[in-house]
Amino acid sequence: MARSAHSKKSSAGWLKEHFDDVYVQRSWQDGYRSRASYKLLEIDEKDRLLRPGMTIVDLGAAPGGWSQIAADKVGAQGVVIASDILEMDALAGVHFIQGDFTEEAILNDILTAVNDRGVDLVISDMAPNMSGQSAIDQPSAMYLVELALDLATQVLKPGGDFLAKVFQGEGFDDYLRAMRQAFDKVSTRKPSASRSRSREVYLLGRGFRG
C-alpha cells in the first residue's frame with residue numbers, strides 16, 4: 001500500500017512540476033505543441049541549423065514540437081519528413097509517417113519519402129519509454145540513437161547536419177567517437193529548456209563526411 005501511495009504522490013509531484021514549468025506555460029501561450037520546441041529554438045539560435053528550402057527528417061516527432069519549428073523555418077520550399085511510433089496530429093508542411101522506425105518497413109517508408117532529394121538535416125528527440133532502471137533504459141536509449149545515426153548516414157547530403165538527444169551513461173563515449181568519425185565537427189548542447197537534473201544532452205554533428 002505504501003508503495004502505491006508513494007507512486008501517486010510522486011506522479012502528482014511530477015504533474016505539479018510539469019504545469020508550473022515555465023516552458024510548458026510558454027508553449028501554451030506561444031502555440032507550440034511541446035516544451036521541447038524551446039530546446040530546438042535555442043540550439044538553432046546558437047548554431048543556425050534551420051534555413052529556408054531545407055529537407056529535414058525528424059525522428060521521434062510526436063507530438064510535433066520540433067516538426068512545427070522545422071516546418072516554419074524551412075518554409076514552403078522546404079520539406080519536413082517526420083516519424084514516430086505514436087500518432088501525431090497533422091501539421092502543414094510536414095509529411096508524417098507513423099510506425100516504429102526500428103522496423104524495416106517503416107524505415108523504407110522514410111527512405112521512400114526522402115526519395116533522391118538528399119537530406120540537409122536529421123533531428124532526433126527520441127527516447128524510449130523509461131522504466132526508471134538505468135540498466136534497462138540506457139541501452140534502450142543508446143539503441144535508438146545509434147539507429148538514428150545510421151539513418152542519418154544513409155540519407156544526409158555531404159556537408160549535412162545531425163542533431164540528436166543522447167543520455168549520458170554507458171555507451172555515450174563510443175557514440176561520441178562514432179559521430180566524430182562521421183562529421184567534421186561535433187558539439188554538445190544542453191539547452192536551458194532541458195531539465196538540469198536530466199542526463200540528456202544534445203549532440204550536434206556538422207559537416208557530414210559522406
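Predicted model: local features only at pLDDT ≥ 70, side-chain atom pairs only at ≥ 80, totals over all residues.
Residues are numbered from 1 along each chain as its sequence is written. Local features need pLDDT of at least 70 and side-chain atom pairs pLDDT 80 or more, totals for chains, interfaces and linings use all residues, and side-chain values use heavy atoms, without hydrogens and water.

Phe162 also belongs to the largest nonpolar core, which has 35 residues. Such a core is a set of buried Ala, Val, Leu, Ile, Met, Phe, Trp, Tyr and Cys residues joined through side-chain atoms within 4.5 Å. Val57, Leu59, Ile110, Val122, Phe162 and Tyr175 have the most contacts inside it. At least two core residues come from each of S1 (55-59), H5 (104-114), S4 (119-124), H6, S5 (156-167), H7 (172-182), S6 (183-189) and S7 (200-208). Helices (H or I, at least four residues) and strands (E, at least two) are DSSP runs, numbered from the N terminus. H6 gives the largest share, 8 residues. Apart from this core lies another, of 24 residues, including Met54, Ile56, Ile69 and Leu121. In soluble globular proteins, nonpolar side chains tend to be buried together.

H6 also packs against H7. Their axes come within 11 Å and cross at roughly 5°. Axes are lines fitted to C-alpha atoms over the stretch in contact, with angles from 0 to 180 degrees between N-to-C directions. H6 is therefore roughly parallel to H7 (angles under 35 degrees). H6 contributes Met142, Val145, Glu146 and Leu149 to the contact, and H7 contributes Phe172, Tyr175, Ala178 and Met179. Of these residues, 7 are nonpolar (Ala, Val, Leu, Ile, Met, Phe, Trp, Tyr, Cys and Pro), none is polar and 1 is charged (Asp, Glu, Lys and Arg; the others, Gly among them, count as polar).

Gln138 lies in H6, which spans residues 134-155. Gln138 is buried, at 5% relative accessible area (buried is under 20%, exposed over 50%, partly exposed in between; 1.4 Å probe, protein chains only). Its side chain reaches the backbone oxygen of Glu170 at 3.2 Å. Beyond four places in sequence, Gln138 touches Phe167, Gln168, Gly169, Glu170 and Arg199.

Asn129 sits in the loop between S4 and H6. Asn129 is exposed, with a relative accessible area of 78%. Its C-alpha atom is separated by 8.9 Å from that of Ala141, 12 residues apart along the chain.

How values were computed. Polar contact = N/O pair within 3.5 Å; in protein donor to acceptor, adjacent residues only side chain to side chain. Contact = heavy atoms within 4.5 Å. Parallel < 35°, antiparallel > 145°, perpendicular 65-115°, else oblique.
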